[in-house]
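Keep the sequence and the 3D view at hand as you read.

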Amino acid sequence: MKEKEKSTFRKIEYHKKESFYLIVRGLEVGVVAGLVSVLYRFILKNAESLLLRAADFAKESTLKCVVWFIILALMGLAVTKIVKWEPMSSGSGIPQVNGEIKGNLSQSWWRVILAKLIGGTLSILSGLSLGREGPSIQLGAMAGKGTAKITKADKTTELRMISCGGGAGLAAAFNAPLAGVMFMLEEIHRTIDKSIICMGIVACITADFISKIFFGQDNIFTYETANIPLRYYWLLVILGALLGLLGCGYNIIMSKGQDLFKKLTKIPAWVKMIVVFIISGVVALFIPEITGGGHEMVLLLLKSKPELSVLIFLLAAKFIFSVISFGSGAPGGIFFPLLILGTYIGAIFANIVIPLFNLNENLWQEFVVIAMAGIFASIVRAPLTGIILVFEMTGNLESLLPLATVSLISYAIANLIGVNPIYETLLEKILNSDPKKPEFHNEDEKVLKTYVIPVGSSLRKKKIMDIDWGKHCLVVSVERNDVSITPKGETVLKEGDELVILVSQRRFSKDNERLEKIING
């Protein structure tokens, strides 16, 4: 009896120490990732203001306009050099983080942070239709990796800190800690790992707190709530289906836009980038609302409630300009711009159905906000993140039911059509371009990876000894109903079991991919 008591005591002490260790690591990641993301947000906020002043300056005379375009050309050339120096700084940055978590990529954390800060600033200063939120996720992830490297953390902890840093970056960008945690689980790490959850919650809350110190506690969007009558909920079904279709179209066109830029092999990369920056300058002069991430479009939408024709024009212009901007490969994301497209789709939908069915005029803003979550669910294929993100951005819990309804329908339609999620497609393109392979400083070091056996998995009711895990993988623990089971050959697996598997670092990407197929099959 005494031996059992001692054994139980040791386990309790171990879990206490582990929790404390994860909290400390979460604080480290949250502080560093939060500060880096806040710096990026501050610089880009000022860059957007400077852009508008530069456009007004250029309008004053032909000479000033010429000077403005020369500066744009030089910025385009500089961005080309930056992306060539650090290719992983190109685009959003979220696919790069996903690739690193899967073991397919290895990024130089300090080079990416430096290149993203400078390149992203120049891209926004030029007026490209790119957002700061995706890059903030990559910056947060690389801040987490840098912290792990400096503190000499093991590979398992490093991967956790990268995931948590990405979530912290999103939390700091949107003042949305819960969305940061959910995005980390749903999109980056893609598994329910209690260690990740513990570290991630601390990291996201810390980063959000730091962000609020600098930018205040106000919600990004504030609007008057109006309840949609239950007898008109069928309109939400139509809106969800529409957003599912449009989200798939968005993914296809964005992918084709990138392919088109790459096919122009006879034109030097620096020339293509300069042309895009010149186009951006023209757009800034005549349609400044569609430049940058889209914050000006939101203000226009919520304050002046434009007519239907204006909404359609701005939606089309923003989408086309986003395809051109993102296709160029300049540092910058599509996270916030795609949310803006959703708001305008919602506004167009509202302008049609409200007078048609004599609905409350205040429902106009309700449709705008709901569509934001719906388009995110269909494009990114992360519905829970979209629902929580919009809730935290608005601070409005009363819209939760319509948010969930539209998001889940949009998500289901997009899955039914079968078009890949946008970040998955972008990661495939990066891997197909033969990027720098991961470096292994200690090939003998193992990585602990957690997998959850889903409902319907082929592994359920099978014995561990009957499964081909691979000679480089070892099941070290089975967590069932919060109880750790020492795995044996005769141990029968059940749905919902958490498997902790030791994977070789050198073969991590291949073994991880194979294990996911076995477990989810």
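## Helices α6 and α8

Helix α6 passes α8 in a right-handed crossing. This is a predicted model. The axes of the two helices lie 8 Å apart, and the packing angle is about 35°. On the α6 side, the residues that meet α8 are Arg160, Met161, Ser163, Cys164, Gly167, Ala168, Ala171 and Ala172. On the α8 side, their partners are Ser195, Ile196, Met199, Gly200, Ala203, Cys204, Ala207, Asp208 and Ser211.

Helix α8 covers residues 194–215, which makes 22 residues. At 1.5 Å a residue, α8 should span 32 Å. The C-alpha atoms at its ends are 31 Å apart, so the two values agree. Buried residues of α8 include Ser195, Ile196, Met199 and Gly200. Val202, Thr206 and Ile210 are also among the buried residues of α8. Glycine 216 follows α8, and its phi is positive, near 85°.

Where does alanine 176 lie? Its place is the loop between α6 (155–174) and α7 (177–189). Alanine 176 has a relative accessible area of 0%, so it is buried; the cut-off for buried is under 20%.

Leaving aside neighbours within four places in sequence, alanine 176 is in contact with Ala171, Asp208, Leu389 and Glu392. Ala171 belongs to α6 and Asp208 to α8, and both take part in the meeting of those helices. Lysine 149 is 27 residues from alanine 176 along the chain. Their C-alpha atoms are separated by 27 Å.

## Aromatic pairs

How many aromatic pairs does the structure hold? There are 9. In one of them, the rings of tryptophan 234 and phenylalanine 357 have centres 5.3 Å apart. Their planes stand at 85°, so this pair is edge-to-face. The pair links distant parts of the chain, 123 residues apart. Tryptophan 234 is in helix α9 (residues 234–263), while phenylalanine 357 is in the loop between α13 (335–356) and α14 (363–380). Tryptophan 234 is partly exposed at 38% relative accessibility. Phenylalanine 357 is also partly exposed, at 26%.

Another pair joins tyrosine 250 and phenylalanine 319. The ring centres are 5.9 Å apart and the planes meet at 45°, so the pair is tilted. This pair, too, links distant parts of the chain: tyrosine 250 is in α9 and phenylalanine 319 is in helix α12 (residues 308–327), 69 residues apart. Tyrosine 250 is buried, with a relative accessible area of 4%.

Five phenylalanines, Phe174, Phe183, Phe335, Phe336 and Phe376, form one aromatic cluster.

Charged side chains also sit over rings. The charged end of arginine 41 is over the ring of phenylalanine 215, 4.1 Å from the ring centre. Lysine 449 lies over the face of tyrosine 451, at 4.9 Å from the centre of that ring.

Valine 83 lies in helix α2 (residues 62–85). Is valine 83 buried or exposed? Its relative accessibility is 17%, so valine 83 counts as buried. Not counting residues up to four places away in sequence, valine 83 touches Ser89, Ser90, Gly329 and Pro331. Lysine 116 is 33 residues away along the chain, and the C-alpha atoms of valine 83 and lysine 116 are separated by 8.9 Å.

Serine 457 is found in the loop between β1 (446–452) and β2 (473–480). This serine 457 has 1% relative accessibility and counts as buried. Beyond its neighbours within four places in sequence, serine 457 is in contact with Ile518, Ile519 and Gly521.

## Positive phi in exposed loops

Lysine 152 has a phi near 60°, a positive value in a residue other than glycine. Its place is in the loop between α5 (133–150) and α6. Lysine 152 is exposed, at 74% relative accessibility.

Asparagine 358 also has a positive phi, near 55°, and is likewise a residue other than glycine. This asparagine 358 is in the loop between α13 and α14. With a relative accessible area of 71%, asparagine 358 is exposed.

Technical notes
Residues are numbered from 1 along each chain as its sequence is written. This is a predicted model: local features need pLDDT of at least 70, side-chain atom pairs count only at pLDDT 80 or more; totals for chains, interfaces and linings use all residues. Side-chain values use heavy atoms; hydrogens and water are left out. Helices (H or I, at least four residues) and strands (E, at least two) are DSSP runs, numbered from the N terminus. Buried means under 20% relative accessible area, exposed over 50%, partly exposed in between (1.4 Å probe, protein chains only). Contact means heavy atoms within 4.5 Å. Rings of Phe, Tyr and Trp (its six-membered ring) pair if their centres lie within 6.5 Å; planes under 30 degrees apart count as stacked, over 60 as edge-to-face and the rest as tilted. A charge sits over a ring if NZ of Lys or CZ of Arg is within 6 Å of the ring centre and within 35 degrees of the ring normal. The expected span of a helix is 1.5 Å times one less than its number of residues. Axes are lines fitted to C-alpha atoms, for helices over the stretch in contact, and angles run from 0 to 180 degrees between N-to-C directions. A crossing is left-handed if the near helix is turned anticlockwise from the far one by less than a right angle, and right-handed if clockwise.
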